[in-house]
Amino acid sequence: MTEAGDADRSTPSGGIVGRSIDEFVGQLRGFSDRARSLAGAVPSKLHLPALPSPPGAMSAAQVGAVAKTVRAQRQSIAAMRAQLDAFDQQLAVFERILDPLEEWSASWAQLEKAVGDFVRREPGQGEPPAQQSAP
């Protein structure tokens, strides 16, 4: 025993608690000794049923499973973020490529319009009509 345990026994209430703990430990040791001797006397062909896991162990297993699931989900979200970042970078590059293409397309449309207006002029708008050849 430690000094604190000895001090508890010297007080009236500490002595009662200390004795009851000692009695409990003694009874527990006696029970485990009887159980061990009884288990040795059981014939090997007799199979004892398996005891279920104590409720605390099942709770610990369930909490462990939930913690594992949460970790996996967080890893999945991190992977999704990485994929989204990569996709965003690809879109940024694509956008930089499209900007000059958009400007070139607008310039081309203006050129087509100007050439189209020049080619499609109606007769009498400043130029003589085209001469038709006789058959």
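**Close-up views of surface patches and an aromatic pair**

**View 1. Nonpolar patch on the surface of the predicted model.** Phe87, Leu91, Phe94, Leu98, Leu101, Trp104, Trp108, Leu111, Val115, Phe118 and Val119 make up a nonpolar surface patch, and their accessible area together is about 1,100 Å². Among these residues, Leu111 is located in helix H3. Leu111 has a relative accessibility of 44% and therefore counts as partly exposed. Trp104 and Trp108 also belong to the patch, and both lie in helix H3, which spans residues 55-119.

**View 2. The aromatic pair Trp104 and Trp108.** The structure contains one aromatic pair. The ring centres of Trp104 and Trp108 are 5.8 Å apart and the ring planes stand at 15 degrees; because planes under 30 degrees apart count as stacked, the pair is assigned to that class. Within helix H3, Trp104 and Trp108 are four residues apart, about one turn of the helix. Trp104 counts as exposed because its relative accessibility is 53% and the threshold for that class is over 50%. Trp108, with a relative accessibility of 42%, counts as partly exposed.

**View 3. Patch of negative charge on the surface.** Glu95, Asp99, Glu102 and Glu103 gather on the surface as a patch of negative charge. One of these residues, Glu103, is placed in helix H3. The relative accessibility of Glu103 is 58%, so this residue counts as exposed.

How values were computed: Residues numbered from 1 in each chain as written. Predicted model: local features only at pLDDT ≥ 70, side-chain atom pairs only at ≥ 80, totals over all residues. Heavy atoms only, no water. Phe/Tyr/Trp six-rings, centres within 6.5 Å; stacked < 30°, edge-to-face > 60°. Helix = DSSP H or I, 4+ residues; strand = E, 2+ residues; numbered from the N terminus. Buried < 20%, exposed > 50% of the residue type's maximum accessible area, 1.4 Å probe, protein only. Patch = residues over 30% accessible without salt bridge, like charges linked within 9 Å, V, L, I, M, F, W, Y side chains within 5 Å. Areas by Shrake-Rupley, 256 points an atom, 1.4 Å probe, with all protein chains shown as cover. Salt bridge = Lys/Arg side-chain N within 4 Å of Asp/Glu carboxyl O. Lys, Arg positive; Asp, Glu negative; His and termini not counted. Charge placed at Lys NZ, Arg CZ, Asp CG, Glu CD.
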